[in-house]
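Notebook open. I want to look up how two chains meet, then follow one residue.

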2 protein chains.
Amino acid sequence: MKLSNYFLPVQRNKPQEAQIISHQLMLQTGMINAEVSGIYSWLPLGLRVLKKVESFIRQGMEEIQCHELLMPTVQPAELWHKTGRYNVYGQETLRFLDRHNRELLYGPTNEDMVTEIFKRAIKSYKHLPCRLFQIQWKFRDEIRPRFGVMRGREFLMKDGYSFDLTPQQAEETYWLFLKTYVRIFAQMGLKVIPVKAPTGPIGGDLSHEFHIVADTGESTLYYDPEYDNLDLNQADAVDKLLDLYAAEEEMHDPSSHAEPVNQARGIEVGHIFHFGDKYTKVLDAAVANNDGKQVFPLGSSYGIGVGRLVAATIEANHDESGIKWPVQLAPFHIGLIALGVKDQNVLDQSTALYQKLSNLGLEVLFDDSDESPGSKFNRMDLIGLPYQLILGPKSLKNDEVEIKERVTGDRHTLSTESAILFLTDKLRAVMTTDRYD
Amino acid sequence: MKLSNYFLPVQRNKPQEAQIISHQLMLQTGMINAEVSGIYSWLPLGLRVLKKVESFIRQGMEEIQCHELLMPTVQPAELWHKTGRYNVYGQETLRFLDRHNRELLYGPTNEDMVTEIFKRAIKSYKHLPCRLFQIQWKFRDEIRPRFGVMRGREFLMKDGYSFDLTPQQAEETYWLFLKTYVRIFAQMGLKVIPVKAPTGPIGGDLSHEFHIVADTGESTLYYDPEYDNLDLNQADAVDKLLDLYAAEEEMHDPSSHAEPVNQARGIEVGHIFHFGDKYTKVLDAAVANNDGKQVFPLGSSYGIGVGRLVAATIEANHDESGIKWPVQLAPFHIGLIALGVKDQNVLDQSTALYQKLSNLGLEVLFDDSDESPGSKFNRMDLIGLPYQLILGPKSLKNDEVEIKERVTGDRHTLSTESAILFLTDKLRAVMTTDRYD
């Protein structure tokens, strides 16, 4: 993407209204735009990250035969009266009347509606297990929205739902989702700890939260030190993880284990609940079992705060100069900085390099502006793309370019060809195609 | 996708509540589910089509440097008071108060908000042209919602916006979008006619609607017979199209041309408007021109009804047995029908074929159920995938499979290898990868 064609309203100064670093950086880099209290637009740079998160989630769900659907944002209040949740959720639910004075609400979650969909579709145990998810906007009318998209009112959430016949199958499904979640987060390059959690208004008796470890986190986590040695991109490591102690403060029981525990701050980005027949029973969503008897399938729900995850990633990955994106979620992989673009040779050579890298399936943000070097360096550090590729009249004279690694600060001076090899080697895992030999 | 694992609640009988064929077929095939008047869930089969439409649109927008963003569904009413549209839109706008009694609304369109975003970001003519789009849910509180997603209340829309410095540039951008729209629709395999249209509450003096030709269309179109000879996948044909007469009934002027005109029924799936400085002026979104003078950029907006387009495609492509998807938008490319799956040989061979085709990047819905042949054939005709691939104990004895083309009804008896070659040849353009030689 050429900066000259792009929509990237980076602000020179730190936005004053932001209390936490992710909110500040998301506003300052032009990832989001505040529209009204707790409600944001996702601008092109931010939306690229959001879409990448979505894509990791979709892939993980596909692997466990969890099918995507899309429920409406607006729901009939009648359904919430049936399940008794209309009053439980209280003023946090945005409620309104349509022109015919029918009660509607903007869905904060979808257990009720998905159970109705399940009920109309599935009549027999033969079609279980049934697993569905969506990535859809939700609304929670927070009394004091704050911290940007971390605690906004309109927010993007992945919500998944499972239905099983027996308690044993339902529990197996629950743990399958839990392990899949751990793997999805690991694939995104994020360190996430699942901890036992209370269930709250969703209900049920088994629940885990998923926390991204970040010094700025609101929660305190206690966990087995062994956790830090696991590579969660390995399936066997994910299995091992289930044996390790981990709990959020509210559920932490110091007497329950003899080992020392680590302590860390965490930001909740996911929450899963097993609630059994709570919704199938009240909505009369029975199926025939293999004896022909009507039974209520057992359900769980599985949430990920998609927008919140983006903010949490920034909380866990930044320094005083700006964001330090993990390559998997970076809006672009490479920031190509051309210095002195009024020099036709610089412009030609940097454009050629931009084309070459793009053709290799790498995502390049090409700063082709005629601003000062300092302003270009600062902006690129702020945006936080994993690799900066810098060239100008001097370096080109020596057939050299410079690579700066954003996370470590390491710099390498290389020939153009070597730089391309360096980048394709480092970024091979995220290249959309692999046409380079 | 194996049917045994999938969520596909096909109804045996025609839904009684549907007045038009697309609504009936979308309900019956389990593409959508009615939640409350004019509000639908998109179930997995329907969502696959919706996502394909989105993907064609994204690709077309990317080609003309139109950048994707995502504005919230909920907007502050204050903004609509400023532009004077709060009252113009009247009761069709879903309005509500939040818990602090602040007036909000569910956005039916976004000219106001995108102009505010533009205003905060762009201060100089140097950053023009500026082109943005989103694919987001909208709400229009129709007094009598009907025809399923064709005239629903919550609906998915692609809305694009452009800002230019001079009237000439703004008009060039308008025509660029118009041509891009024609190409996007052609790439989806749809015949769409752009016609001059009145502007309505969006405002402005130049407007076109895009109609899919279908006998069941609500609109009457008049157009140059030459239109039918153009292959709109060719850029030069798109250019030629601009010289041809085409108008919707309301704008049709029989005296304006001597040639004979064709007449057809059409369904509106897109609408574009050039409205000049209407929104930049009222929201004071000026930029500095190259003399340093503050001027109001000139805007246009560009809509496509994404969900409506799916319904319109069905209106234009069906027969008495069900849907006849164009390959580009089909939820799957191939329906693999295994007859007599209790025969282990049939199950093994059909599963192997399913794997092979999937590995080639083809999307296969594999009916591995043990239902009767008649029930399987009817369901596959109803769903309307372009190619059916049929095998059973008898055909396998002769090392043969049968291919049925859904649109023409043509049947071919082929060896398994020849069938794969036949399908990869026919479907090469839509294969996600191309690993077959």
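Which residue's side chain meets that of A:Arg153 in a salt bridge? I looked it up: B:Asp98 does, at 2.8 Å, N to O. I count a salt bridge when a side-chain nitrogen of Lys or Arg is within 4 Å of a carboxyl oxygen of Asp or Glu. The rule finds four of them across the interface of chain B and chain A.

Note on source: this is a predicted model, where local features need pLDDT of at least 70 and side-chain atom pairs count only at pLDDT 80 or more, while totals for chains, interfaces and linings use all residues. Residues are numbered from 1 along each chain as its sequence is written, chains are lettered from A in the order in which they are written, and side-chain values use heavy atoms, with hydrogens and water left out.

Next, the interface. I find 55 residues of chain B in contact (heavy atoms within 4.5 Å) with 55 residues of chain A. The area buried between them is about 4700 Å², and carbon and sulfur atoms give 62% of that. Buried area here is the accessible area (1.4 Å probe) that two parts lose on being put together, summed over both.

Last, B:Asp381. I checked its burial: B:Asp381 is buried, at 11% relative accessible area (the cut-off is under 20%, 1.4 Å probe, protein chains only). Leaving aside neighbours within four places in sequence, I find B:Asp381 in contact with residues including B:Ser321, B:Lys404 and B:Arg406.

Key. Buried means under 20% relative accessible area, exposed over 50%, partly exposed in between (1.4 Å probe, protein chains only).
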